[in-house]
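Reader: I am new to this structure. Could you walk me through a few of its helices?

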Amino acid sequence: MTPFDRTRCRLRAHPFTLDAALAAGVLACMVAGSFVEPHGPEGIDWGLRTPDPLSLILMTLGAAALVFRRRAPRTVLALAGGVSVAESVTGDPRAPVAMCAVVALYTVASTTDRPTTWRIGLLTMTVLTGCAMVAGPLPWYAQENLAIVAWTGIGATAGDAVRSRRAFVQAIRERAERAERTREEEARRRVAEERLRIARDLHDVVAHHIALVNVQAGVAAHVMDKRPDQAKEALAHVREASRSALGELRATVGLLRQSGDPEAPTEPAPGLDRLDDLAGTFRNAGLSVEVARTDQGTGLPAAVDLAAYRVIQEALTNVQKHAGTDAHAEVSVVRVGPHIEITVLDDGSGEDLDDTPGGGHGLLGMRERVTALRGTLTTGPRYGGGFRVHAILPVEPRTSAAQDSRP
């Protein structure tokens with residue numbers, strides 16, 4: 001910051017001091033101008049003419065009023081206009097007292113709206129010029145009278161220009177602040193959505209694989225003594241489920257790494273092409289699962305494909321945990337027009353998931369996934385026992401659908 005900028009900032013921080021300095025400067029200019037004799041015998045006379053005492057008093061009053069121009073601009077204008085009228089009527093030769101009225105008019109114009117500036121400016125110009133022409137000692141066509149019109153017009157115009165510039169700068173500043181707030185809110189919203197998405201992925205991965213590990217570990221413990229071969233097979237499934245859980249957790253947590261961290265895993269996100277493998281893991285855990293599909297050949301967007309896989313995974317996990325040991329699950333994936341419908345049914349005797357103490361996160365995660373893609377999800381108990389999960393997801397992404405709908 002330059003010395004000039006520092007001085008300007010200090011003056012802006014102390015406006016009363018700035019106004020006092022301005023008043024002193026205006027008074028010095030008026031006193032200096034009062035020594036000029038405009039009607040000498042040979043034109044303008046720069047002699048050492050002593051101003052009249054009344055003119056000095058009027059100049060001092062007008063300059064002193066400018067000290068308070070920010071606090072009461074219209075009152076200061078009225079006072080400065082009054083002393084200017086008194087000088088124009090009584091002064092001969094006339095002193096430039098109207099200078100304080102011009103400064104006061106500039107202040108009023110810079111602090112009010114344009115219509116008010118027009119009204120006050122025309123009123124000031126008419127009063128000062130009319131009094132000087134009608135009651136002053138000079139002829140009505142004297143250049144001093146016409147100068148009052150010019151100077152009052154300049155003061156009002158300059159004040160209005162400064163006010164317009166301040167309003168323009170303020171509008172730009174407010175627009176920039178709103179844009180900054182909008183960017184911050186958008187960033188916070190995206191962070192919250194990403195955290196929620198990662199939380200859903202972690203819940204789906206952990207709930208699915210830990211449920212399988214729990215079931216297989218129970219089987220191994222139950223048959224360890226009498227059927228060690230079956231216990232070894234169950235432990236092998238435990239190992240495979242834990243390895244899959246670690247792999248998916250590593251891929252999910254890799255999304256949280258910073259730009260300078262090691263490269264994140266590049267394994268693609270699971271989709272419906274791995275549905276048979278998913279059903280196989282549940283069959284190995286003892287759950288009877290049937291899969292029926294009529295969507296072969298349907299290309300799905302990555303987000304829809306992942307959401308469909310996670311909905312089926314979470315629904316089968318809930319069947320494994322809540323439907324009972326003899327439950328049977330049916331999974332169907334059907335293409336219906338521009339949507340793909342996913343249904344998971346079971347005939348278990350377990351209680352409703354929404355009534356399970358500490359439960360509900362899986363259903364909530366499924367609903368959030370489906371809603372984020374503009375789909376619908378319905379869940380609830382079936383008539384005669386069991387539970388039903390039904391999801392409808394759009395096959396086309398939202399951007400493509402919007403483009404197709406344009407004429």
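Here are some questions and answers on a predicted model.

Reader: Is T124 buried or exposed?
Author: Happy to start there! T124 sits in helix α6, which covers residues 114-135. Its relative accessible area is 11%. Since the cut-off for buried is under 20%, T124 counts as buried.

Reader: Are helices α2 and α3 roughly parallel or roughly antiparallel?
Author: Let's look at the angle. Helix α2 (residues 15-33) and helix α3 (residues 53-65) pack at about 155°, with their axes 8 Å apart. Because angles over 145 degrees count as roughly antiparallel, α2 is to α3 roughly antiparallel.

Reader: How many residues of the contact of α2 with α3 are nonpolar?
Author: From α2 come A23, L27, M30 and V31, and they meet M59, T60 and A63 of α3. One residue of this contact is polar and none is charged, while the nonpolar ones number six.

Reader: Which residue just after α9 takes a positive phi?
Author: Helix α9 spans residues 275-284, and its buried residues are L275, L278, A279, G280 and F282. Just after this helix, a positive phi of about 100° is found at G286.

Note on methods. Residues are numbered from 1 along each chain as its sequence is written. This is a predicted model: local features need pLDDT of at least 70, side-chain atom pairs count only at pLDDT 80 or more; totals for chains, interfaces and linings use all residues. Side-chain values use heavy atoms; hydrogens and water are left out. Helices (H or I, at least four residues) and strands (E, at least two) are DSSP runs, numbered from the N terminus. Buried means under 20% relative accessible area, exposed over 50%, partly exposed in between (1.4 Å probe, protein chains only). Axes are lines fitted to C-alpha atoms, for helices over the stretch in contact, and angles run from 0 to 180 degrees between N-to-C directions. Angles under 35 degrees count as roughly parallel, over 145 as roughly antiparallel, 65 to 115 as roughly perpendicular and the rest as oblique. Contact means heavy atoms within 4.5 Å. Ala, Val, Leu, Ile, Met, Phe, Trp, Tyr, Cys and Pro count as nonpolar, Asp, Glu, Lys and Arg as charged, and the others, Gly among them, as polar.
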